[in-house]
Each structure stands twice: as structure tokens, then as C-alpha cells.
Amino acid sequence: MRKLYIIVLVLTVISCDSEVNKKKKESVIETPAMNTEIDNKVASLLSEMTLEEKVGQMTQITLDVVTKGDNQFSSAQPYELDSALVHKAIHTYKVGSILNTPGVPLSRQDWYKTIKNFQDEAAKTPRQIPIIYGIDAIHGVNYTIGATLFPQQIGLAATFNKDLVKEAAKISAYETRASSIPWNFSPVLGLGRNPLWPRLWETFGEDVYLGKTMGVAMVEGYQGTLGDPNTVASCMKHYLGYSVPLSGKDRTPAWIPERELRQYFLPAFKEAVDAGSVTLMINSGEINGVPVHASKFLLTDVLRGELGFQGIAVTDWADINYLHTRHKVAETIKDAIKISVNAGIDMSMVPHDFEFSELLVELVKEGSVSEGRINDAVSRILKVKMQLGLFENPVTDPKKYPDFGSDKFAEVSKKAALESFTLLKNNNNILPIAGKSKILVTGPTANTMRSLNGGWSYNWQGSEADNYAKDKNTIADAFTKSGNATFTQGVSFEGKNNINEAVKAAKQSDVILLCLGENSYTETPGNINSILLPKDQVELTKALAKTGKKIILVLLEGRPIIFNEIEPLVDAVYMGYLPGNYGADALVDLLFGLENPSGRLPINYPKHPHAFVNYNHKHSDNIAVSNYYESDYDQQYEFGDGLSYTSFKYSDLSLSSTQMTQDGSIKVSVKVTNTGNRKGKEAVLLFVSDLYASITPEVRALKGYEKIDLNKGESKEVSFTITKDELSFVNESLETIAESGEFEISIGDLKKKFELK
């Protein structure tokens, strides 16, 4: 284990004089041993390629580069390829990869024509190496018209159902290949531990164990058996530490001690590598002053040496150039290319020009980048293309995917939405709603598909969702169609407020369904300076509360927006996250009691704007001294919270032994009984507390979960196995160890202790 903190790495990146840097230069990771048929084919093909062809394989351009019009950021419409530019990219610069969508979603047929055009051109080149096309299909193939869109990752995490996540990913892979695209830039494996961050909703939440197990399920769902035309290459992102910028703003610096980097942020990538993920996208930001794209320690020593990753490491958007223009660690673009390629990148998401190709060829000819390093990168790229079967079948025919956009796929999406919705408050069992109740639907998120889907939906910011999903139901649509409900906007994201009209309508209703939250966004446009609920939404809530009517609050948002000022005014709270195209239909079934909620929070929901504390905090985060100080740990709702319309009793918690050896295991069993009056699903969560350790232990940490179905009166035994892996942490010497001592298991309200010898 390396004991130096990452902050010192900037010296080894820039300086050629240090002994450490010299050793690293001499120990470039070589191409893996040739031991398969694919490896032999890769070696043979590589031996025939020119330097320019190799560098071309490392180059990824955006679709805009080869379309007609002035298309630097979004293609002109109607979208049309420029044959001369396509020829230039593929024949002159030997480009190996293309990404992105032309500003709008395409039909499957248009995707097929586009990608077939590229593959036909590639087939005319001397080596006939196919293009690998990539897309951000992060909750279904969201850039294809008619595709099945699922809840975003944060909602999938709330299901605590790995099998359901894998099934959703499998469908997404099928529909992505139905769009002729073989490479999906998903899943996000960063931990969502800063509520300000505008991409928190793209994560599986704040917990290490939940994130890594959900990540594996998604990788397995996407990839299946690579080469099967129903599967895609997954892409782990964003390696490493991208999700916790200190300021909360996208792509701003992170400060993470290496011990915490290894304990909290590396495990999800380790598990996904072990599960076979074949590509990885690099963090755009910097950690402790070192841009990740410049860190040979992270990209070679850790990623290749420790994790054993042998797939493609691709940059994020223009991130090599940013070493010069933003991070200021490279005096020129050429220096930036030298630093990043020597650090370990395999493919550059350039994305708008061919300067990377030209300058990298120069660097190799000058001896600043070895051809061995180039061969290493290109071998990985060729191998993934062969694993995907692109040499034999460079483009998939949409006609061979009859289930695309099918009702059976829609049912899976609705099921995921049903299991994601998290009931956090239900005073006096106001829910489910009586069937004959008159309902007022109001609020800014009530009548838009943008707040159901979020960003990366039909276009980058999700702003076209109402146009391309107009055949789907908004919440207002779903409830007015289902029964005795009316809709009045109340307030809008555009500042058009009619609070008085909403109050008037509320007085004629029995129940108010108040839909608050956020409009769609992602990345830097989603940066915010305040995490408080907007004032107009607060004013609407207060005005409605004065009517004396029961209020059911539904939050549609990508991050927890603080609403403690109005929380006492509402009778029930549903956290909806970003539930996808069938979220409104799922909500109808939940509120009328046709379905029973089973979601649980995958994050802490903060109560105060300057009190962001994760659930697995340290004991010292929870200081309370006598009667003088209140506890600093005061959350609106806590990780794992989630109510049901039925009730569950936990009993008979048992351990197979009260002592465990380092190489042994303990079986943990608990009985769960549905003691209510209806069928329900329960996510059984197992937490472990290390009572004393050489590094301040967490109060508790999730180490197991299982989703079960129970009929009224039914009981089931749920079992987990604890090994030293669940008891380990990274110590001050950066060693992953399980220290002897006492541990406590907790499931529900039950606890048991055991000792590790």
C-alpha cells in the first residue's frame, strides 16, 4: 500500500527529477499476457498498424464534428451528416470512437443509418477497424425516441432491490443495442455524500456497500455476456472522487485524504472491475491539488496495478485540454497530452477537433511518449471492440429488437418507480387516500415530465422531456384521469404564480396533493447557492395550510432540498426522487392504496442548510454534553428511513456464534413478520458497528440488505453472512484490516454483539 497522501503527487506528475517519477516512467504497465484468442488477434492487428492508426484509435470526437452547420455544441436541425467531414475523421485521422447525440433524440432507424454510415466508412480503411460509438444512456436509452426510461440511479438505490436494478439495466442494454449503440457511459459509482452537488441523483446514494452492490448489479445487467448483441459495454464513472467537491459545485476541487479515498470511494470501482466492467471514465476534477487526468498514481499504480483493470480508460469531455486551460498544470496543450497519456489514459474524449491526434503523433516521434504506452492503450481499445463483436457485426439492426419500447418493459419501469417512492411521513394514516376524496393537484413539479425524469432525458438538461414524453402522464394528468381530481399550478419554475387560485381550489377539495421540488438539470447548470426550498414554494405551502385541508407533499428532486420550515404543515411526505416516465402512474397506485410503498432513503435528508452529516458519521459528529449543547446530528430524515401501509415486526435475531476468527464467518438471522392488514415489501437492512478501533469508528455502517415480500400475517427468516470484509477499514498506514475486538449487529430495533478474535 502506498503511504504518501495524494497531495504530494503533483510533484511527481510535473517533475522529472524525482526518483519516484523515474521509477514510474520505467515501469509502464505492459499489455496483458496473451492468453486468449482475442488477445492473439489484438496482437496481430496491432503489429500491422501505423502510429497514426494507433493514435486515431485513441481519439474520440463528438458527433457535431461530422455534421453540417456550425455545430460546436449542438447540431443544426434537421440533423445531417457531412460526408466530407466523416471521410476526414475516419480516413485522414483514423478516428476510433464517436459519441453524443445531435442535440435531439433520434429514432432507432436514424441511429442505425448514422452508425452504419460510420461503420461502412471504417470498413473501407486498410485495417477495417470498426468505430465504437458511446452514449449516456443512464436511465434507459434516453436519446432514442420511444425508449423505456427508468428512475434515475438515486431512485433505483431507494428500491434496495439489486435484482430489479439488474433487470432495468438489462432492458436498457437491449434498447441501446436496438439503437445500434454498443457503449453506455454508465453506471456512476461515485458516492452522493454532498447534497449540494448537482449530480447527486446520478449516484446510488451516500453508502459504500449500497453503492458497490448496486453498481455490480448494473454492470452485470448491461454487459451480460459481451458479444451477445443484446448487451453493451458498461463504463464505470467518474474515477475517482468526483462526487464530493468541497464547494458542492460541479467539477470543482475535492480534498480527500488517501485513507478515506481508499475506504469510501475506491470499493465501488474495485467491485465493478471484479464484475468485469470493460471501460472507465475519469474524474474531470482534481483531488488534493492533483487533476485526476494527470495522476499516474491513480490511473496506473492504483487502477491497473492494484485493481487489475485491463479495459479502456477514457477521459471526460475535453479534460486533457483542461490540464492546460483550467487546472494550469500543463503550460501547453501538447504538455497536457503528454502528461495525461503517460499517466495512463487510453482514449481522449477530445471532442471537437483533431489536435490530440496530431500532437500525440509528434510526442511519440520526439520520444516524449513511448510507443509502448500507445500500444498498451490501443490494445485495450481493440480488445473491447472484439469483445463486443464489432468486427463481425459493427452495427445492430433495429428490426431485430421487437421488444423495444414494449409494454412489458414499461411495467418494469413502473415497478422500479413503485419501489423507489419513499414514504417518510404519514400522520394519522392519512394515506392511502379514500377513493371518493376530492383532490387538488398543485405545485411546480405537478404538470411537467421534466421533474419526473431529470437531466439526460431526450437532451442534456432534460428540457425537452415534455415534448418527447407527451404521451406519458404528468402527475396532474395521472390524477385527473384516475378520478375526482383537479389541477391548479399554484407556482411555476418560470415565476408564473397563481397562489390565490390554488387556495380557492383547495377550499373545494378534501385533500391537497402538493408537488414541490426541482426542474431538470445536470452538471454545472445545476449548481446552486442555496439548498433551501425556494420561497415561492414555501409561500404556496403556507397559504394552502391555512385552509385546514390535509396536505400530501410529494418531492420530485435530484437532491434533498431543505423544507424544515414547512414540514410541520404537511400531513404526509413522499420522496419521489426522479422516478421516470411512469412515475406519475406509480404514484396514483401508491396514493390510492393499490400498491404499498417500500422505498428507503439512500441518503440522509438534512434538516438545516449547514448541517450536512452522513448517516455513517463518527461519534464525534454527535456531541452532546450534559444539558448545555444539543446534538449536532439532527436530520430531517435518515438513511434507511421509509414507511409502509402495513407494519413489520423483527424478532429472533440470532448469530451462529458470538466469536469469529479472521478467516471465519458468522451467520446472522432474523425473523420478519408482516403484522399489518395488507401485503407489503420490506427492505431488511443490516448494520454493523465497530465499538472500538485504532481509527475513530463509524457509528454504524450498512453491510447487508435484502428485499422481501410478505403477505398479511406471513413471516420469513432473512439471513446474512458476516466475514472480515464487512468488518474491515483502512488504517493510518493505508492497510485494509479487521481489528480484533467487539462488534454490534443491528437489524430494525434489534441488536447483538460478537467478538472478532
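This is a dialogue about reading the features of one predicted model.

Colleague: How are the residues numbered, and which parts of the model count?

Modeller: Residues are numbered from 1 along each chain as its sequence is written, and side-chain values use heavy atoms, with hydrogens and water left out. The model is predicted, so local features need pLDDT of at least 70 and side-chain atom pairs count only at pLDDT 80 or more, while totals for chains, interfaces and linings use all residues.

Colleague: How do I read the packing of helix 10 and helix 11?

Modeller: Two packed helices are described by the angle between their axes and the distance between the axes. Here helix 10 (residues 258-265) and helix 11 (residues 267-274) pack at about 45°, with axes 5 Å apart. That makes helix 10 oblique to helix 11. Angles under 35 degrees count as roughly parallel, over 145 as roughly antiparallel, 65 to 115 as roughly perpendicular and the rest as oblique. Axes are lines fitted to C-alpha atoms, for helices over the stretch in contact, and angles run from 0 to 180 degrees between N-to-C directions. Helices (H or I, at least four residues) and strands (E, at least two) are DSSP runs, numbered from the N terminus.

Colleague: Which residues of helix 10 and helix 11 meet?

Modeller: Arg262, Gln263, Tyr264 and Phe265 in helix 10 meet Pro267, Ala268 and Phe269 in helix 11; contact means heavy atoms within 4.5 Å. By class, this contact of helix 10 with helix 11 has five nonpolar, one polar and one charged residues. Ala, Val, Leu, Ile, Met, Phe, Trp, Tyr, Cys and Pro count as nonpolar, Asp, Glu, Lys and Arg as charged, and the others, Gly among them, as polar.

Colleague: Which residues touch the most other members of the largest nonpolar core?

Modeller: In soluble globular proteins, nonpolar side chains tend to be buried together. A nonpolar core is a set of buried Ala, Val, Leu, Ile, Met, Phe, Trp, Tyr and Cys residues joined through side-chain atoms within 4.5 Å. Buried means under 20% relative accessible area, exposed over 50%, partly exposed in between (1.4 Å probe, protein chains only). The largest core has 106 residues, and Val66, Phe118, Tyr133, Leu544, Phe563 and Leu702 touch the most other members. Helix 8 (residues 162-178) gives the most to this core, with eight residues. A second, separate core of 79 residues includes Ala233, Leu298, Leu299 and Val369.

Colleague: What does Tyr133 touch?

Modeller: Leaving out residues up to four places away in sequence, the contacts of Tyr133 include Leu63, Ile98, Trp111, Phe118 and Trp183.

Colleague: How many aromatic pairs are there in the whole structure?

Modeller: Rings of Phe, Tyr and Trp (its six-membered ring) pair if their centres lie within 6.5 Å; planes under 30 degrees apart count as stacked, over 60 as edge-to-face and the rest as tilted. A search of the whole structure finds 22 such pairs. In one of them, Tyr174 and Tyr401 are edge-to-face, 5.1 Å centre to centre with 75° between the planes. This pair links distant parts of the chain, 227 residues apart: Tyr174 is in helix 8, and Tyr401 is in the loop between helix 16 (371-387) and helix 17 (407-420). Tyr174 is buried, with a relative accessible area of 11%, and Tyr401 counts as buried at 4%.

Colleague: Where do Phe563 and Tyr605 lie?

Modeller: The ring centres of Phe563 and Tyr605 are 5.5 Å apart and their planes are at 85°, so the pair is edge-to-face. Phe563 lies in the loop between strand 15 (550-556) and strand 16 (572-577), and Tyr605 in strand 17 (residues 605-606), 42 residues apart. Both Phe563 and Tyr605 are buried. Elsewhere, Phe160, Tyr209, Tyr615, Phe639, Phe687 and Tyr705 form one aromatic cluster.

Colleague: Which residues of helix 14 are buried?

Modeller: An α-helix has 3.6 residues a turn, so residues three or four places apart point the same way. In helix 14 (residues 333-343), the buried residues are Ile333, Ala336, Ile337, Ile339, Ser340, Val341 and Ala343. Gly344 follows helix 14 and has a positive phi, near 135°.

Colleague: Which peptide bonds are cis, and what is omega there?

Modeller: A cis bond joins Tyr239 and Leu240, with omega about 10°; Leu240 is in the loop between strand 5 (235-239) and helix 10. The bond from Leu431 to Pro432 is also cis, with omega near 0°.
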